[in-house]
Amino acid sequence: MKPFFPLSVGLLALLAIIVPIQPISSVPSKRVFTVEASQYAYSPGVISVNPGDMVTINLVATDVAHGMYIEGYELAVFSDPGQSASITFVADKNGHFRLRCNVSCGAMHPFMVGEIQVGQNYLLVRAFGIATIAAIAFIVYQHKIRPQNASE
Ligand SMILES: [Cu+2]
């Protein structure tokens, strides 16, 4: 087999890793989320936004007082029992950031966490690209070697 084939497959796989991916929706928009906080979880537990979005989180404490601290953004909001409090910010940092309760709300308080995802999961997209290239390469490789093996 000529070295061209494995080389081109390797090149394609490399491209899948280094090619910059543009966000599908790059127009920043206003996003409002109502997050219920109760012992010892947020609902929803994961919030996904696009980079540049103006994000408002309405935190509603349904049982006891809860808070929310957004790591990476260094922002905090606090809600009294049965009340809601809101926080608004621009999601100008890409990545996954942990949300955690910053009010001692009970025994399991340290485990009250959530997550805000800013931007797409590009790692997953790239992994899918490489997997697709590998699958196609495998099929092409099978087609190329079969006739040779049959004649031997
Ligand atoms: Cu807490």
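**Close-up views of a predicted model**

**View 1. Isoleucine 47 faces a partner in β9.** The bridge partner of isoleucine 47 in β9 is isoleucine 116. β3 and β9 run parallel and share four bridges. Strands count as paired if DSSP finds at least two bridges between them. This is a predicted model: local features need pLDDT of at least 70, side-chain atom pairs count only at pLDDT 80 or more, and totals for chains, interfaces and linings use all residues. Residues are numbered from 1 along each chain as its sequence is written.

**View 2. Five strands form an open sheet.** The strand order is β3-β9-β8-β5-β6, and the pairing is mixed. β3 (46-49) and β6 (75-79) stand at the edges. Each has a single partner strand, so one side of each is left without a neighbour in the sheet. On average, neighbouring strands of this sheet are turned by 20° against each other, direction ignored. Here axes are lines fitted to C-alpha atoms, for helices over the stretch in contact, and angles run from 0 to 180 degrees between N-to-C directions.

**View 3. A hairpin links β5 and β6.** These strands run antiparallel, joined by five bridges. Tyrosine 69 stands opposite alanine 76 in β6. Four residues lie between the strands of the hairpin. Glycine 72 takes a positive phi near 90°.

**View 4. Nonpolar residues gather in a core.** The largest nonpolar core has 18 residues. Such a core is a set of buried Ala, Val, Leu, Ile, Met, Phe, Trp, Tyr and Cys residues joined through C-beta atoms within 7 Å. Buried means that 20 or more other C-beta atoms lie within 10 Å of a residue's own; exposed means 12 or fewer, and partly exposed is in between, with C-beta atoms placed from the backbone. Val35, Ala37, Ile57, Leu59, Met68, Leu99 and Ile116 touch the most other members. β1 (30-38), β4 (54-61), β5 (66-70) and β9 (113-118) each supply at least two core residues. β4 gives the most, with four.

**View 5. Methionine 68 and its contacts.** Methionine 68 touches Ala37, Ile57, Leu59, Ala76, Val77, Leu99 and Cys101, not counting residues up to four places away in sequence. Contact means that C-beta atoms, placed from the backbone, lie within 7 Å.

**View 6. The whole protein.** The protein has two helices and nine strands. These are DSSP runs numbered from the N terminus: helices are H or I, at least four residues, and strands are E, at least two. Buried residues make up 16% of the 152 residues.

Methods
Contact = placed C-beta atoms within 7 Å.
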